[in-house]
Amino acid sequence: MALLIRYLTAGESHGQALIGIVEGVPAGLSISSEYINHQLWRRQQGYGRGGRMKIETDRVEILSGVRFGKTLGSPITLMIRNRDWQNWTTKMAVEGSGTGIEKITIPRPGHADYVASKKYGFDDIRNAIERASARETAMRVACCIIPRKLLEEYGIFIGSHVISIGSAAITNRQKVDTLIKKYLHASCAAYKVTEEADKSQVRILDSGIESKALAAIKRAKKLGDTVGGIFEVMVTGVPVGLGSYVHYDRKLDGQLAQAVMAIHAVKGVEIGNGFANAARYGSEVHDAFGVKNGKVIRRTNGAGGLEGGVTNGEMIVLHGAMKPISTLANPLQSIDMKTTKVVDARYERSDVCAVPACSVIAEAVVAPVLANAFLEKFGGDSIKEIQRRYRTNR
Ligand code: EPS
């Protein structure tokens, strides 16, 4: 896989700040902190978030790589300060010995607490919690907005909405599909759908299911429990021929799945009608060709816009399944790693449901994957150079 744009994030959940470096962005791309902040704000929304979101108003500071609103082609450094840091200066001090600071020794089933402490030999789970926290996704979103902006320059737009929360699920897609169809004439259709979904507290496009989802979150909270769900990511305006079938690590479906699976708590990824198709006949699954106004069209899009790991010009459709968050107010059984006694798992402030936020994060993380496939085909050192290539090579 040609890694043209790559990014690194750093920072602990209750440390001073989150830092990101985005490398490989062509010169001349317009970018502003305001543009990134809007996406950071979107990540913080959603019914069911915990107390941390009341403390933080995530805002990015661009420290390098941008001059007068345009990228320079050099690495872009981003910083988001953690407001909560001021409450953690002693517990999360960079210097000192940590004497007198209470050690956490009881892991939460489902979180990285146990495995990370074993792997790194920690006697204080706090060392694992901090970096394993989904707080890191704030910086992932900030970094990914830059390649996302690059894609938008060429008419490629990403969007998402939530399909289910707990057992409240959209089973009849008619409303959703009508909405998608309404915008499909425009390459920005996916973003239009996202804007519509943003109007819902749970990013669900069907008001009947939305109320059921809200009730499911309220019920889970009352029970000291959590709920997960499924979200849909879509990409419109995609040209034919991004990605490749010639080698496993160049297949775009595999790369997209990896990016979404690497989001905290995501345990399943599906491209198009992946799982449902497994039970159907081939004749029911594959997208027949047609011709309309002299143009090649597809009658359906069960493939989710990808055939052979290559974009086929249809909308990319991907689903991600997020497990319920593992921090439970009404805890499961755990063990004390110091004494090996059976005890209740620890509770610490968390979300009851973060599926809406997860859908926003998924929109972000697919962007560098797509941008790299795009740059591999049409790339250049500057926006102008890419524009010339895109116009002539399409
Ligand atoms: C999150 C920040 C975290 C959690 C949550 C997501 O902040 P804190 O631990 O201070 O409450 O609210 O993280 C998790 C659910 C998790 O399992 O780590 C955020 O910024 O999104």
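The model under analysis is predicted. On the H12 side, the contact involves Phe 374, Leu 375 and Phe 378, which meet Ile 386, Arg 389, Tyr 390 and Asn 393 of H13. By class, the contact of H12 with H13 comprises five nonpolar residues, one polar residue and one charged residue.

Helix H12, which spans residues 355-378, also packs with helix H9, formed by residues 252-261. For this pair the angle is about 155° and the axes lie 8 Å apart. Since an angle over 145 degrees counts as roughly antiparallel, H9 and H12 are described as roughly antiparallel to each other. The crossing in which H9 passes H12 is right-handed. H9 contributes Leu 252, Gln 255, Leu 256, Ala 259 and Val 260 to the contact, while H12 contributes Val 365, Val 366, Val 369, Leu 370 and Ala 373. Nine of the residues in the contact of H9 with H12 are nonpolar and one is polar, and no charged residue is present.

A further helix pair is formed by H1 (residues 33-44) and H7 (residues 189-198), which pack at an angle of about 50° with their axes 12 Å apart. This angle makes H1 oblique to H7. H1 passes H7 in a left-handed crossing. His 38, Gln 39 and Arg 42 of H1 are in contact with the H7 residues Tyr 191, Thr 194 and Asp 198. The contact of H1 with H7 divides into one nonpolar, three polar and two charged residues.

For Arg 349, an N or O atom of the side chain is 2.6 Å from an oxygen atom of the ligand. In the case of Arg 52, the distance from a side-chain N or O atom to an oxygen atom of the ligand is 2.8 Å. His 111 likewise places a polar side-chain atom 3.0 Å from an oxygen atom of the ligand.

Note on methods. Residues numbered from 1 in each chain as written. Predicted model: local features only at pLDDT ≥ 70, side-chain atom pairs only at ≥ 80, totals over all residues. Heavy atoms only, no water. Axes fitted to C-alpha atoms, helices over the stretch in contact; angles between N-to-C directions. Helix = DSSP H or I, 4+ residues; strand = E, 2+ residues; numbered from the N terminus. Parallel < 35°, antiparallel > 145°, perpendicular 65-115°, else oblique. Left-handed = near helix turned anticlockwise from the far one by under 90°. Contact = heavy atoms within 4.5 Å. Nonpolar A, V, L, I, M, F, W, Y, C, P; charged D, E, K, R; others polar. Polar contact = N/O pair within 3.5 Å; in protein donor to acceptor, adjacent residues only side chain to side chain.
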